[in-house]
Amino acid sequence: MNKLNKYFLSILLSSSIISSADAGTVMYVSPQASDNGTAYLSFSIDRKVSPNVMYVEAADHESDEMREIYEDGDPSLKFLGQIPQVNHTFAYIKTEYGIINENSLMLGFCENSSAHKFAKSKPSEKAILCLQEITKLALERCVKASDAIAMLSQMIDKYGYYGTPSTLVISDKEEGYVLELMPSADNAGGYYVARKIPQGHFFVAADQFRIQSIDKDNPDFIFNDNLISRMQQADIAQLTSGNLNWLRSVKGNEIRPYYSLRRVWRAMSIVAPSKNYSPWVSGWASTAYPFSVAPDSKVSLMDLIALTRDTYTGTQFDNATKGTGGLFATPYTHENYGERSIANENTTYTFISQANKQTPSAITWLSLGPSGEGTYVPLTVNKIPSVYADTSRTEYDEKKMWWLSKRISYLTVGYYSSLSDMLKTRVLEQEHHSLTLINHSKGLPKDRFNRVIENNTRTAFNRMQKLYENLLEKHDGGYMLRYAEGHNPKFIPVDSYKKHEVVHVDKEKEKAEIQKKAETSANLKKEGIPFYNAIGIDKLPDRLDFNVFSKILSTTQEYMKHQNNKN
């Protein structure tokens, strides 16, 4: 049995129901692993969520004030309960999830798959916190990543967790943690494990839990003391040498073989090629890839941007080289027809947040739509520029970056090999312009720095609008398009002209003739067959010629022969 068959078998044996997960990849670069001491955290969401970006102002609160909790973190949905408010909440940027706050505390996540039937749960009296609320609570109340881990651990123990299994990365300017969350079997409370990411390391998760066994003697692991006993009571605990095997206990498999682990392999192979990781593993619980890895060389912002756009180019998993790539070698494919790469054409947004002590404001870079066809534009934790604010994905608005990005994506993906070079060049030019602008503006006061970054969003929008116009010009109704090399359809030449003119059928005349023949046939049944019709001519001619005479003679002979045979 080959490895792939064994892998499929392991999925079938280990799971009866697999919870759905939202495709997305989260990556973290610790400050010691980056080129300039900056911590980077990126994540994407590949599902139909709102692309609207919002700014939440800092606020002071009364000592007896309560914070209300709603289902899925949405005040328009069911009210679930209250928790005590804190005296001061920090400003932050969010979508339906928290992204980054004014202290440069930043979050990224992916939603995971699990074979447990209880993996995706609804809120209850003992479980009122979901991922949306958890991300916002951390940004409202914390400065350091370690403080966020401690606070969220206490809150989950007290208020419970419901929703989907998730991997959450929390980072500040100095360190990062992975917090993995799982609804509990009894829908009360929740299970969680946190692990500190080693300094100088790179971390990646792709819709699958990444923490394997818990080392209870290692201070880098954070979990509730009764986690093992609770899982044992639920009959789901898996122990390895006395330690809890977290991954196997939560049955953190993949949606299908290599859906997640291929992306982990690819990202780690790019940042640490010397490790020579194999793209093939023994199963979803494989330990072939470490929790995190030290990059071979320092990782820059542009390196991480390139990672978010990766489609396995140059590997055997590159869809552009296969039939799924079509005539224009498109690197994307519908999920049922090939590998799911890091970049995905169904992406709603990708954030790359950065944390350092050099810029006067916290910064996150945002790309709307597919990361390969959008442009990353920096935003500060401040009022959201108009091109990003108040955006609806159901009502077209030509003044919004979301809709401009979608127009560019729809055009480019369909004719990828012909248009992508122009796209990539212009997008990189804009991103380098933004990066240079940040570097030149670091010494400005915070308010002026924020205005410079806000003005840049309008510049980026105008440049992307011009790019879209130029892409249309290059397309030129298909005249300027060229098929990708090696993807040309088979040419079937026409080697000669037709010898006869094309006959154009008069439909009305044809209909009348059919009706006439039908009427004639009906009359013949009543009146008999005329002699001239019996010998195969349409009507009796004015005079007999040799051809007509021959037909009469042959018909008469056939008739006489038939009669003789009857007698």
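Colleague: In which loop is Ser241 found?

Modeller: This is a predicted model, in which local features need pLDDT of at least 70, side-chain atom pairs count only at pLDDT 80 or more, and totals for chains, interfaces and linings use all residues. Residues are numbered from 1 along each chain as its sequence is written, and side-chain values use heavy atoms, with hydrogens and water left out. Strands are DSSP runs of E with at least two residues, numbered from the N terminus. Ser241 lies in the loop between β16 (239–240) and β17 (243–244).

Colleague: Is Ser241 buried or exposed?

Modeller: Ser241 is not a glycine, yet its phi is positive, at about 55 degrees. Buried means under 20% relative accessible area, exposed over 50%, and partly exposed in between (1.4 Å probe, protein chains only). With a relative accessible area of 78%, Ser241 is therefore exposed.

Colleague: Why does Asp207 count as buried?

Modeller: Asp207 is found in the loop between β14 (202–205) and β15 (221–223). Asp207 also has a positive phi, of about 65 degrees, although it is not a glycine. Asp207 counts as buried because its relative accessibility is 0%.

Colleague: How are α9 and α10 oriented to each other?

Modeller: Helix α9 (residues 416–440) packs against helix α10 (residues 446–475) at an angle of about 165 degrees, with the axes 10 Å apart. Helices are DSSP runs of H or I with at least four residues; axes are lines fitted to C-alpha atoms over the stretch in contact, and angles run from 0 to 180 degrees between N-to-C directions. Angles under 35 degrees count as roughly parallel, over 145 as roughly antiparallel, 65 to 115 as roughly perpendicular and the rest as oblique. The orientation of α9 and α10 is therefore roughly antiparallel.
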